[in-house]
Amino acid sequence: MTSLLLAPVYAGGVQLGAYALERLEPAERERILRGCSTNVDNLAAGRWDTLLSSAFVVEEPMPLAYALLLLAVLGYAEYAYGAWWTAGVFLLGHTTATLLVYGALRATSPGTQTRRALDVGTSYGFNAVLGAMTSALPRGPVRTGVRAGLLALALQPVLRRERTFTDVGHLVALGIGVGLSITVDYLSSTKRRKII
């Protein structure tokens with residue numbers, strides 16, 4: 001069993017960083033956010049460090065409900081699977097979803113507004129961990145139903161006319177997590193810890 005340090009340190013650090021950014025002059029705040037963003041212009045210019053830095057920065061402080069949900073999901077994942085597993089799934093989901101969205105935007109969005117959009121935050125990694133944790137649910141209809149329900153919820157914004165590239169990224173990241181969960185189920189002969 002892990003000591004449950006990763007989740008509160010990460011969530012608290014991101015939130016404190018957001019409060020610190022709010023206190024900066026608008027031009028300096030914008031410069032920092034743009035420097036950490038995984039937008040098309042940054043990645044096309046070889047700023048691959050943004051794949052990591054973007055996961056530690058949010059545009060504004062997280063709403064309390066989201067911050068608590070992030071802490072709960074990452075905290076349970078850390079408890080059930082360990083800190084390395086949680087960090088690995090988070091980073092895999094974050095970077096893979098980011099790169100897939102980047103590839104799609106680079107191919108389809110010639111406009112500078114989308115190419116320079118701010119793309120920072122915790123949500124891709126969060127969605128990947130949430131999807132991967134479905135293997136902790138009881139096998140059978142409960143696990144299958146939760147997976148289908150989560151994917152359906154993430155698909156709804158993508159089907160809207162006003163969808164954004166981050167809506168697609170959330171669905172991709174959740175799909176990566178669910179895919180990992182299904183792979184673990186298939187390869188593992190031992191049952192994961194149950195939530196209930």
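**Salt bridges up close**

Glu30 and Arg34 pair up in a salt bridge, and their closest N and O atoms sit 2.8 Å apart. Keep in mind as you look through these close-ups that the model is predicted. A search of the whole structure turns up six salt bridges, and the views below take a look at some of them.

**View 1. Glu30 and Arg34 in helix H2.** Where do the two partners sit along the chain? Glu30 and Arg34 are four residues apart in helix H2, so about one helical turn separates them. As for the surface, Glu30 is partly exposed, at 30% relative accessibility. Arg34 is partly exposed too, with a relative accessible area of 27%.

**View 2. Arg31 and Glu28, also in helix H2.** Here Arg31 makes a salt bridge with Glu28, and the closest N and O atoms are 2.7 Å apart. Both residues belong to helix H2, which covers residues 26-36. They are three residues apart, or about one turn of the helix. Is Arg31 buried or exposed? Arg31 has 52% relative accessibility, so it counts as exposed, the cut-off being over 50%. Glu28, on the other hand, has a relative accessible area of 30% and is partly exposed.

**View 3. Asp49 meets Arg47.** In this close-up, the side chains of Asp49 and Arg47 come together in a salt bridge, with 3.3 Å from N to O.

**View 4. A network around Asp185.** Which residues are linked here in a network of salt bridges? They are Arg143, Arg147 and Asp185. You can find Asp185 in helix H10, which runs over residues 165-187. Is Asp185 buried or exposed? Its relative accessible area is 14%, so Asp185 is buried, since buried means under 20%.

**View 5. The contacts of Asp185.** Now stay with Asp185 and look at what it touches. Leaving out residues up to four places away in sequence, Asp185 is in contact with Ser135, Arg139, Arg143 and Arg147.

Terms used
Residues are numbered from 1 along each chain as its sequence is written. This is a predicted model: local features need pLDDT of at least 70, side-chain atom pairs count only at pLDDT 80 or more; totals for chains, interfaces and linings use all residues. Side-chain values use heavy atoms; hydrogens and water are left out. A salt bridge is a side-chain nitrogen of Lys or Arg within 4 Å of a carboxyl oxygen of Asp or Glu. Helices (H or I, at least four residues) and strands (E, at least two) are DSSP runs, numbered from the N terminus. Buried means under 20% relative accessible area, exposed over 50%, partly exposed in between (1.4 Å probe, protein chains only). Contact means heavy atoms within 4.5 Å.
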